[in-house]
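These are my notebook entries on one protein. I looked up its overall build, then its sheet, then a single residue.

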Amino acid sequence: MKVFSSEYTFDYSWEEVSTANWRKYCPWNDKSPHVLSVDTLSREVDPVTGILRTERLITCNQSAPAWVVSLLGGSNTSHVYETSYVSPSEKRVTMCSTNLTWSNILSVRETVTYQPDLTASSPGHERTQFTQDAKITALCGGWQKIRTKIEEASIERFSENARRGREGFEAVLEMSRRVFGEEKERERTGMQ
């Protein structure tokens, strides 16, 4: 098993980040052209806790290394199942995802959280802490060398995608702030 961990602080409030999170794979994000579609499977609010629970299916065009495809077969289209929990009272978004494609060969379990960064925020300048953890395990039986190579290639790809994902999400956050700011200004001045 290989583990990937990352932390980052977004220079945006939790409210901005948690709202823009739903637009992460939109045209404003030019770093995620590999995401073909995001389909919401279910969405419900727990009447007691107020937590929004959403299940989504994310379809990607994710090419595997040529040696993996030649050895194991498969296609470039992959599917990821994601469950997210938004707790407005705790100001916390938690997203858990797992691969559905090649899940009999490779297990990828990722957890992402967004919550206010209270140590780096000040009134009028709020920031959001992002943490990302992934456990990647090749399930190839007794083929240790192959299993190690698959895990190493997967963790390298995961790391590259995580970096691009953060860059793309920054663009989405920037555009969201601008668009919402323009809308608030129109409302303030009475323009429609």
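The entries below go from the whole chain to the detail.

**Entry 1: ground rules.** I am working with a predicted model, in which local features need pLDDT of at least 70 and side-chain atom pairs count only at pLDDT 80 or more, while totals for chains, interfaces and linings use all residues. Residues are numbered from 1 along each chain as its sequence is written, and side-chain values use heavy atoms, with hydrogens and water left out.

**Entry 2: the whole chain.** I found 3 helices and 7 strands in the protein. Here helices (H or I, at least four residues) and strands (E, at least two) are DSSP runs, numbered from the N terminus. Read from the N terminus, the order is β-α-β-β-α-β-β-β-β-α. The C-alpha trace spans about 65 × 35 × 30 Å along its principal axes.

I then looked up burial: 34% of the 192 residues are buried. Buried means under 20% relative accessible area, exposed over 50%, and partly exposed in between, with a 1.4 Å probe and protein chains only.

I also looked up contacts, meaning heavy atoms within 4.5 Å. Of those between residues at least 6 apart in sequence, 59% join residues at least 24 apart.

**Entry 3: the sheet.** In which order do the strands of the open sheet lie? I read β1-β7-β6-β5-β4-β3-β2, with antiparallel pairing. Two strands pair if DSSP finds at least two bridges between them. In general, strands of a sheet pair through backbone hydrogen bonds, either parallel or antiparallel.

β1 (2-10) and β2 (35-45) are at the edges with a single partner strand each, so one side of each has no neighbour in the sheet. The twist averages 15° from one strand to the next. For such angles, axes are lines fitted to C-alpha atoms, for helices over the stretch in contact, and angles run from 0 to 180 degrees between N-to-C directions.

Met95 has Val112 in β6 as its bridge partner. Helix α3 (residues 144-189) packs on the sheet and touches β1, β6 and β7 (128-138). The direction of α3 makes about 10° with that of β1.

**Entry 4: one residue.** I located Ser78 in strand β4 (residues 77-87). Is Ser78 buried or exposed? Ser78 has a relative accessible area of 15%, so I noted it as buried. Leaving aside residues up to four places away in sequence, Ser78 touches Ile58, Thr59, Cys60, Gln62 and Thr101.
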